[in-house]
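Hi everyone, thanks for making the time. Please have a look at the model on the screen, and I'll walk you through some of the side-chain contacts.

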Amino acid sequence: MTSVDDLWFLSDKACQTAEQTYHDLRKRYTDFVEFTRHRNVPRSRFRDVATGARDHGAPYGAHTLAYRPSGELLLVRHEGVDMWVLPGGELDRGESFQEAALRELGEESGIEATIEGLGMLGQVEFYCDGNMAWGVLPVYEAQAETTDIAVDDPDHEISEAQWFDKLPADTRDREEILQWRGQRFSGRA
């Protein structure tokens, strides 16, 4: 007897939720940077990201472009990818994207901030064994209310956090962040 591969059903539901989430975010926000990523992933990872996309449309949760009024941007060092990244992560049950972004910002850096809008909106496509699923990556822009750093990451993925005037070469999504920064601070002298 042949068993039916449920990845197709999972990916179909994930794509439906992602599509709805994407359109909801586009209706609520304007003037954000959009980008698309493609990832070939192993079966177990595909199941994880497709489940996240099915449940809330965002397999990587929500992230934050936390900045000081002077324009410095907060990045955290993620040991799992060995790069500087924007703080962020998975949603807890019942959390909104904004709540998750602010919670993760606090855990990964100790920074408190006020969200001012959506800075970037990514579409991440995942491929595995002939299946495709995708999800959104909402990245909120937020002005820091506090600036003293204190990393207390319960996942132990973040080793440090730092304010940057110039982004390090090993910053994930560097070009998109620079594009956002150029748009956000274009009126500054």
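Let's start with glutamate 141, which is buried at a relative accessible area of 11%. Buried here means under 20% relative accessible area, exposed means over 50%, and partly exposed is in between, with a 1.4 Å probe and protein chains only. What does glutamate 141 meet in a salt bridge? The partner is the side chain of arginine 184, at 3.3 Å from N to O. By salt bridge I mean a side-chain nitrogen of Lys or Arg within 4 Å of a carboxyl oxygen of Asp or Glu. Glutamate 141 belongs to strand 7 and arginine 184 to helix 4, so this pair ties together parts 43 residues apart in sequence. Helices (H or I, at least four residues) and strands (E, at least two) are DSSP runs, numbered from the N terminus. Arginine 184 itself counts as partly exposed, at 31% relative accessibility.

A quick word on the ground rules. This is a predicted model, in which local features need pLDDT of at least 70 and side-chain atom pairs count only at pLDDT 80 or more, while totals for chains, interfaces and linings use all residues. Residues are numbered from 1 along each chain as its sequence is written, and side-chain values use heavy atoms, with hydrogens and water left out.

How confident is the predictor? pLDDT is its confidence in each residue, from 0 to 100; the chain averages 93, and 96% of the residues score at least 70.

Phenylalanine 185 is buried, at 13% relative accessibility, and forms an edge-to-face aromatic pair with tryptophan 180, 6.0 Å centre to centre with 85 degrees between the planes. Rings of Phe, Tyr and Trp (its six-membered ring) pair if their centres lie within 6.5 Å; planes under 30 degrees apart are stacked, over 60 edge-to-face, and the rest tilted.

The whole structure holds 8 aromatic pairs. One of them is tyrosine 22 with tryptophan 134, edge-to-face at 6.1 Å and 70 degrees. Tyrosine 22 is in helix 1 (residues 7-28) and tryptophan 134 in strand 7 (residues 131-144), so the pair ties together parts 112 residues apart in sequence. Both of these residues are buried.

Now, how many salt bridges does a search of the whole structure find? The count is 15. Among them, arginine 103 meets glutamate 95 at 2.7 Å and glutamate 104 at 3.1 Å. Glutamate 95 is buried at 18%, and glutamate 104 at 4%. Shared partners join Asp92, Glu95, Arg103, Glu104 and Glu107 into one network.

For those of you who think about cysteines, the search finds 0 disulfides, meaning pairs of cysteine sulfur atoms within 2.5 Å. The cysteine sulfur nearest to that of cysteine 15 belongs to cysteine 128, 14 Å away. Cysteine 15 is buried at 17%, and cysteine 128 at 6%.

Technical notes. pLDDT is the predictor's confidence in each residue, from 0 to 100.
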